[in-house]
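Hi,

Here's the structure I said I'd pass on.

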Amino acid sequence: MMTFGVQLVLMMGYLILLGAILLESNIYDKLLSSLQIRRGGSGISIRNLDPSKDLGISGEKLYEFFEKNVGSGVKSTSSRNISSLYDSFYDYIFHTEPEEQCSAGNSAVARLTRDVAPLPLHSHNDYWRDVPLLKGLAYGAMSTEADVWLSPHKDTSYNENADDLEDYVLVVGHDEDYIDPIARTMDKLYSEPLFKLLESVNCHKSDKSHRKNGVFFTDNHLPLYVYIDFKSDDNVLTYKLLMERYFKRLIERGYLTYYDLQTKKLVEGPLTVIMTGNYPTDTHILDNGNGDGYYNDHKRYMFIDSHLLELSEASSDIAVTATASLSQLLAIANSSNMKVILRGHLNEDELKTIKSYIDKAHKMNLKTRIWGIPSWPRNMMHTLWRQQINDLHSDLLNVDDLKGASQM
């Protein structure tokens with residue numbers, strides 16, 4: 001009679017032999033590929049995911065579905081070569097069948113933000129995210145940010161006296177030493193997907209003067225704030241590239257907010273572009289040496305980010321936002337970040353002082369943003385977020401943690 005030990009050894013031998021046969025015949029791979037992989041409680045199968053089929057989820061749920069499952073069945077045929085996650089997410093968002101190319105309900109905007117509630121969040125250092133721009137929109141961020149560097153094409157050397165725009169590209173990144181002038185350019189990460197999103201919900205509107213739909217499906221006239229942080233010394237060339245290459249199609253289609261130089265009024269579009277960092281401030285440069293706007297149409301399409309502590313009457317003509325760091329604001333109140341960290345919140349004197357500057361900006365019709373909020377301890381950061389919204393009535397929260405801010 002066979003003992004239990006012998007039976008166990010024989011069973012293990014059979015299993016090893018069976019495994020070898022399966023691996024050799026590729027049956028194992030076929031078995032794996034036939035599994036219905038379900039994650040995140042969505043109940044959605046990613047087996048043979050077809051980007052032409054709407055998954056039925058959008059926003060945060062959609063992004064996290066891709067984030068969890070990329071490499072486990074979600075494939076990309078994209079030639080963008082940014083990352084597997086970015087490429088597969090991009091392919092899904094912008095895939096449309098010919099018969100759906102002018103249907104708002106089946107648009108790229110619908111796929112991305114159908115169930116998204118827009119939130120007063122600024123996606124700080126957005127270009128660092130695994131999926132720039134699109135992740136922020138998926139979480140409802142009403143504002144995004146790109147740091148841009150002037151870079152010559154790989155076969156061109158930089159010449160500060162040259163003005164041939166075709167010799168240069170704008171590359172997105174925080175540090176010049178780590179920029180990628182091939183994959184991570186302004187057009188690939190921002191201006192092109194923005195154009196495609198807006199085209200998907202405005203393709204039936206040929207009249208430029210008609211009010212355009214925006215990037216949020218549930219609030220289609222809400223503008224997205226796009227901050228462009230000028231990093232290079234040659235800010236004039238950077239500005240010209242933005243105006244004549246990266247934003248030109250968006251301007252021609254009527255997608256950019258502009259300041260009417262004749263009526264002295266702001267006309268809001270789906271995108272409001274704001275310059276920060278080393279941007280040109282001379283209106284002669286902003287208007288390309290013309291008295292009637294860069295394109296001789298009496299319109300100014302890019303705005304500056306005014307300093308919240310240095311507002312003047314002229315700010316309302318060339319700015320739509322006003323910004324300062326928390327440390328700068330606390331210094332005016334004879335306080336500091338360390339005092340706030342030790343206390344865990346802003347006190348009444350600090351709130352009163354800071355709010356006086358925010359109220360002044362609001363009277364000038366400027367949106368406000370405070371950056372440099374301490375990110376630790378976490379509960380204190382959340383307290384400061386709530387105080388900005390509830391007590392200071394600031395307009396945009398400067399956040400790195402989109403998920404945490406969206407659940408506040």
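Leaving aside neighbours within four places in sequence, which residues is K403 in contact with? Keep in mind that this is a predicted model. The residues are E60, E64 and Y139. K403 itself sits in helix α16, which covers residues 402-406, and is partly exposed at 31% relative accessible area. E60 is 343 residues away from K403 along the chain, yet their C-alpha atoms are separated by 8.2 Å.

On to the salt bridges. A search of the whole structure turns up 12 of them. One pairs D147 with K231, with 3.6 Å between the closest N and O atoms. D147 belongs to strand β2 (residues 141-152) and K231 to the loop between β4 and α8, so this pair ties together parts that are 84 residues apart in sequence.

Another salt bridge joins the side chains of D305 and R369, at 3.7 Å from N to O. Here too distant parts of the chain are linked: D305 is in strand β9 and R369 in strand β11, 64 residues apart. Both ends are buried, D305 at 11% relative accessible area and R369 at 8%.

R343 and E350 also meet through their side chains, 2.8 Å from N to O. R343 is partly exposed at 30%, whereas E350 is buried at 2%. Then there's K403 again: salt bridges with shared partners join E60, E64 and K403 into one network.

The largest pocket holds about 310 Å³ of space. It has 17 lining residues, and those closest to its centre are T276, D305, T323, R369 and W371. Strands β4, β7, β9, β10 and β11 each supply at least two lining residues, with the largest share, 3 residues, coming from β9. By class, the lining is 4 nonpolar, 9 polar and 4 charged.

The second largest pocket has about 260 Å³. Of its 14 lining residues, L266, V320, M364, N365 and L366 lie nearest the centre. α11 (315-318) and β10 each give at least two residues to that lining, which divides into 8 nonpolar, 3 polar and 3 charged.

Cheers

Methods
Residues numbered from 1 in each chain as written. Predicted model: local features only at pLDDT ≥ 70, side-chain atom pairs only at ≥ 80, totals over all residues. Heavy atoms only, no water. Helix = DSSP H or I, 4+ residues; strand = E, 2+ residues; numbered from the N terminus. Buried < 20%, exposed > 50% of the residue type's maximum accessible area, 1.4 Å probe, protein only. Contact = heavy atoms within 4.5 Å. 1 Å grid on protein atoms, 1.4 Å probe; cavity = no way out; pocket = protein on both sides within 12 Å on 5 of 7 lines; lining within 4 Å. Points joined across faces, edges and corners; volume = space filled by probe spheres on them. Nonpolar A, V, L, I, M, F, W, Y, C, P; charged D, E, K, R; others polar. Salt bridge = Lys/Arg side-chain N within 4 Å of Asp/Glu carboxyl O.
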